[in-house]
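Please have the model open beside you.

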Amino acid sequence: RAIARGDPGGTARLIGIGDAQSAQPARTRSSLKFEPRRARTIAERVSYIHEQAIRGVKDPTVYELARKTLSRKCGGTWCVAERDSKAEIEAMYAEVRQRVRYTLDPTLFDAFATPEKTLQLKAGDCDDATSLLAALCMSIGYRVQSRVVHLKGQPTYGHIFLRVQMPNDEWVPLDASVNARAGWEIPERHYASPARDFEVKG
């Protein structure tokens, strides 16, 4: 919903959320920095979401979380079996669902957080969940793309979620903004226009 708020034919006001760099005393310093950006097309908005994902792949917090998620033990064996691709991405999906509460953007602008900041805030909407989940999956070697959909009753493309490529070339949808199993996606009968896919490239 937040990917295209406002005039679908005009310019969107995007706000990037990252860490503040401030000389203020720690007790008064905000932990957030807002960086305005303008975007005219859906592709430009998706590109900005992908920028956040790529930043996340290089973030030690994301790198560590992905590996801690996969290295948990269930008795004497790994909870997620080695080389079980489906189980690995399902574990990443479950981790995001557990850590991030779906929360709408402000009414005045679209907010796009870095994966690290989304983890810190424990809240975000579909674009934040997508960039975090993309970063986690990419950090353990998976090729990913985002799918943007235009739902019936909406003025334009307004929802985004992740798709992850399996070794057999199957693309598995992961929509961490909804309370559903990994692999579920909104049925095409609810689309007003064909879905658009954008690969995340570093």
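Which side chain is joined to that of Asp175 by a polar contact? The partner is His159, and the contact between the two side chains spans 2.7 Å. (A polar contact is a pair of N or O atoms within 3.5 Å; within protein, one must be able to donate a hydrogen and the other to accept it, and residues adjacent in sequence count only if both atoms are side-chain atoms.)

Before going further, a word on the ground rules. This is a predicted model, where local features need pLDDT of at least 70 and side-chain atom pairs count only at pLDDT 80 or more, while totals for chains, interfaces and linings use all residues. Residues are numbered from 1 along each chain as its sequence is written, and side-chain values use heavy atoms, with hydrogens and water left out.

**A buried aspartate**

Asp175 sits in the loop between β10 (171-174) and β11 (191-199). Helices (H or I, at least four residues) and strands (E, at least two) are DSSP runs, numbered from the N terminus. Asp175 is buried but takes part in no salt bridge. Here buried means under 20% relative accessible area, exposed over 50%, and partly exposed in between (1.4 Å probe, protein chains only). A salt bridge is a side-chain nitrogen of Lys or Arg within 4 Å of a carboxyl oxygen of Asp or Glu. The nearest side chain of opposite charge belongs to Arg97, 7.6 Å away; Lys and Arg count as positive and Asp and Glu as negative, with His and the chain ends not counted. Apart from neighbours within four places in sequence, Asp175 is in contact (heavy atoms within 4.5 Å) with Tyr93, His159, Phe161 and Trp184.

**Salt bridges**

There are eight salt bridges by this rule. Three of them are set out here.

| Pair | Closest N and O atoms |
|---|---|
| Glu64 and Lys68 | 3.0 Å |
| Arg99 and Glu95 | 2.6 Å |
| Asp197 and Arg163 | 3.9 Å |

Glu64 and Lys68 are four residues apart in helix α2 (residues 60-70), so about one helical turn separates them. Glu64 is partly exposed at 42% relative accessible area, and Lys68 is also partly exposed, at 49%.

Arg99 and Glu95 are both in helix α3 (residues 85-99), again four residues and about one turn apart. Arg99 is partly exposed, with a relative accessible area of 37%, whereas Glu95 is buried at 4%.

What does the pair of Asp197 and Arg163 link? It connects distant parts of the chain, with Asp197 in strand β11 and Arg163 in strand β9 (residues 159-165), 34 residues apart. Asp197 is partly exposed at 34% relative accessibility, while Arg163 is buried at 10%. Through salt bridges that share partners, Arg147, Arg163, Glu185 and Asp197 are joined into one network.

**Cysteines**

How many disulfides are there? The count is one, taking a disulfide as a pair of cysteine sulfur atoms within 2.5 Å. Cys74 and Cys79 form it, with their sulfur atoms 2.0 Å apart. The link of Cys74 and Cys79 is right-handed, with 105° about the S-S bond. Cys74 is partly exposed at 45% relative accessibility, and Cys79 is partly exposed at 38%. Elsewhere, Cys126 is buried at 1% and Cys137 is buried at 0%.
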